[in-house]
Amino acid sequence: VQTAGDFVGRDQWRVYISNFYADKPADQIPVEVLLAAYLRSLAAECSRLPLGLIDTEFVRSSGESPVPLADVYVDLDVVSVPAERTRDERSLALHLARGKEGDRTPLLEAIAVATKRRIVLTGDAGSGKTTFVNYLAYLLATDSPVLPEALRGALPVRLLLREVAAQQIPVSARQGAASMIWDAIRDDLRQRLGETAGDRAFETWQ
């Protein structure tokens, strides 16, 4: 039985956790249970379609439950761009403008077959980048059968860079550091699981 809500013990829990562990102190809950709670929390957050951003009246007037993102999501098509063309804005623009139907690939498929460890997704504002990230995080968090085989079992970590910049990067910093990202991951776990549980989960990720 899964229950959503606040559980007050040593920490305040804001996660989905089984009733069996609801009354136990955070340091007595198995790490795999904490990880499962993290994934349920992330899935719940990423599954919501923010229709209020489209029409503020929707939030105020609609008595219906929010529309699940996975129920209405339409996959994006992308065009692969050779690295050398990204150095020249004009060449990049021409490549994208001339993109033919055969050059376009569904984004989820493109990520699954990518040979690189890092992928940069660019596009105009409102083109669906953030929605795709939320959709992908939801699929990973729920181990959805929609996921391509190559992506199954991957652990999703979703960070909003504007929040990382505001909370983790000192004003005096001249450049970023990997430790800033690790600190952001730890803080995200703490917000979802509570400080003690978040720190325990974080130790297994390093």
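Author: Take contacts in the protein with a separation of 6 or more: residues 24 or more positions apart account for 52% of them. Contact here means heavy atoms within 4.5 Å. This is a predicted model, where local features need pLDDT of at least 70 and side-chain atom pairs count only at pLDDT 80 or more, while totals for chains, interfaces and linings use all residues. Residues are numbered from 1 along each chain as its sequence is written, and side-chain values use heavy atoms, with hydrogens and water left out.

The protein has nine helices and four strands. These are DSSP runs, numbered from the N terminus: helices are H or I, at least four residues, and strands are E, at least two. Of the 206 residues, 30% count as buried. Buried means under 20% relative accessible area, exposed over 50%, and partly exposed in between (1.4 Å probe, protein chains only).

Next, the core itself. A nonpolar core is a set of buried Ala, Val, Leu, Ile, Met, Phe, Trp, Tyr and Cys residues joined through side-chain atoms within 4.5 Å. The largest one has 19 residues, and Tyr38, Leu42, Leu189 and Leu193 have the most contacts inside it. Two or more residues come from each of helix H1 (31–46), helix H6 (129–142), helix H8 (178–193) and helix H9 (195–205). H1 gives the largest share, eight residues.

Look at Leu42. Leaving out residues up to four places away in sequence, Leu42 touches Ala137, Ala141, Pro156, Arg158 and Arg192.

Rings of Phe, Tyr and Trp (its six-membered ring) pair if their centres lie within 6.5 Å; planes under 30 degrees apart count as stacked, over 60 as edge-to-face and the rest as tilted. The count is three aromatic pairs. In one of them, Tyr73 and Tyr135, the ring centres are 3.9 Å apart and the planes at 15°, so the pair is stacked. Tyr73 sits in the loop between helix H3 (69–72) and strand E3 (77–79), and Tyr135 in H6, so the pair ties together parts 62 residues apart in sequence. Tyr73 is buried at 15% relative accessible area. Tyr135 is buried too, at 10%.

Trp182 and Phe202 have ring centres 5.9 Å apart and planes at 75°, so this pair is edge-to-face. Trp182 lies in H8 and Phe202 in H9, 20 residues apart. Phe202 is buried at 7%, whereas Trp182 is partly exposed at 35%.
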